[in-house]
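Please look over the sequence and the structure shown here. A short walk through part of the fold comes after them.

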Amino acid sequence: MPLKQIFLSHHHEDSDEVRELASELRVRGIVPWLDKDGGFRVGDDNEAEARRAISEECFGLVLYASEGVFASDFIRDVEMNETSAMLKRDPSFTVFAVPRGMGFSAMRQHCQDVFGFDVGARHGIAITTTDLANGWRHTATEVLEKQLYRHRHPALGRISLQISTRELLPDEPEDLLRIDATSLLSQAPGDVGRWERLAHGLVDVKGRVAKHCGRPRLYVHGSKHLTAAFLFGRVFSQFELDIRQTASDVWRTDVTPIGPAIPFAATLSSGRAQRSGRLFVEIASRDKDIAIGVDAYSRRSRISPALRLQLRPPGPPLAVDNALSRHMADQTYAEIGKAMRGNSITEIHLFAAAPQAFMMMLGRAFKGMPPVQLYDW
């Protein structure tokens, strides 16, 4: 069953800003209903579709309240008319007003004069022209707050969610959140700023989940980069995870770590940049030759390590299962710790060809480490 969405009501002149708000909502697990971007489709009767979306598909609405919205007959006669009806039918329907280019008092007066009710009576969020990015993030976090508040329950033992950065997958029946960075990362997957936006979103999700639900177990699925898996594990390091690894396998972070006595053969060698403070860590669970890719990257970028830690199967490729994956994560973290002792390591560069669940487990273990640069195979 698809997740309930938040309807973004706005004037077309604000479309660029609202798309940025939609991106911030997505990385916080909220699904925006946005015309021309997953909302209205070719052939739709826009009025009927807008009314149906507000009444059937959405748990609330954000009014991006610039001067233009108060001059729009469609927003007044359709979107706000249906919103007013929804508020009467369903008191839990959540409405946010975001004044743009005007103060709250002016917005309230416009709402009363044009729409016949104060759209921002319950939730009003200001966005300043000088700090739009923080305003979008704050608005998205407030919407997340209300969504989790609606589903709060002291006995909630597990939360189901999707996090996807490669390909968006169908929602699962119990999903509460859909963390979607597929569009954000599709054009520039190496853009550090975009990954920072995802990281901010994950931190906000963690904080709000903890606030409203304590520390529930998380069931996690989705199509993601290994970098995203590591990042998710690092942010949610205090939560136990059930990770959808394949169509038929769910791997747990609290499984007993068993398998070969030493899953990886570890080799530590000196690099060409002894004073760089860089530790290169290369992890391969099967037969990928990570070293070839690392050498090519180092030549191209002219970034070399002070130390190089290589972790490979001591024999044939590993047949990785849940317990072995946890064992591999524990050994990897321990080997990195050993490599750092007595050496002035200021940054870790992590190259991996391994299961995404392993990367989540490794991210959960990464406490007290210097900054990490991740590379996807």
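The model is predicted.

Begin with strand S4, residues 94–99. This strand is mostly covered, since six of its six residues are buried; buried here means under 20% relative accessible area.

Next, look at the strands paired with S4. Strand S3, residues 58–65, runs parallel to S4 and is joined to it by six bridges. In one of these pairings, Tyr-64 has Val-98 of S4 as its bridge partner. To get from S3 to S4 the chain passes through helix H3, residues 73–89, and this β-α-β crossover is right-handed.

S4 is also joined to strand S5, residues 123–124, by two bridges, and these two strands run parallel. Here the bridge partner of Phe-96 is His-123 in S5. Helix H4, residues 104–115, belongs with S4 and S5 to a β-α-β unit that is right-handed.

Now return to H3. This helix has 17 residues and reaches 23 Å from its first C-alpha to its last, close to the 24 Å expected at 1.5 Å a residue. H3 also has a kink of about 30 degrees, centred on Met-80. Met-80 is itself one of the buried residues of H3, which also include Ile-75, Val-78, Glu-79 and Thr-83. An α-helix has 3.6 residues a turn, so residues three or four places apart point the same way. The buried residues of H3 pack against S3 and S4, and also against strand S1 (5–9), helix H2 (46–57) and H4.

Note on methods: Residues are numbered from 1 along each chain as its sequence is written. This is a predicted model: local features need pLDDT of at least 70, side-chain atom pairs count only at pLDDT 80 or more; totals for chains, interfaces and linings use all residues. Side-chain values use heavy atoms; hydrogens and water are left out. Buried means under 20% relative accessible area, exposed over 50%, partly exposed in between (1.4 Å probe, protein chains only). Helices (H or I, at least four residues) and strands (E, at least two) are DSSP runs, numbered from the N terminus. Two strands pair if DSSP finds at least two bridges between them. A crossover is right-handed if, with the strands pointing away from the viewer, the path from the first strand over the helix to the second runs clockwise. The expected span of a helix is 1.5 Å times one less than its number of residues. The bend at a residue is the angle between axes fitted to the seven residues ending there and the seven starting there. Contact means heavy atoms within 4.5 Å.
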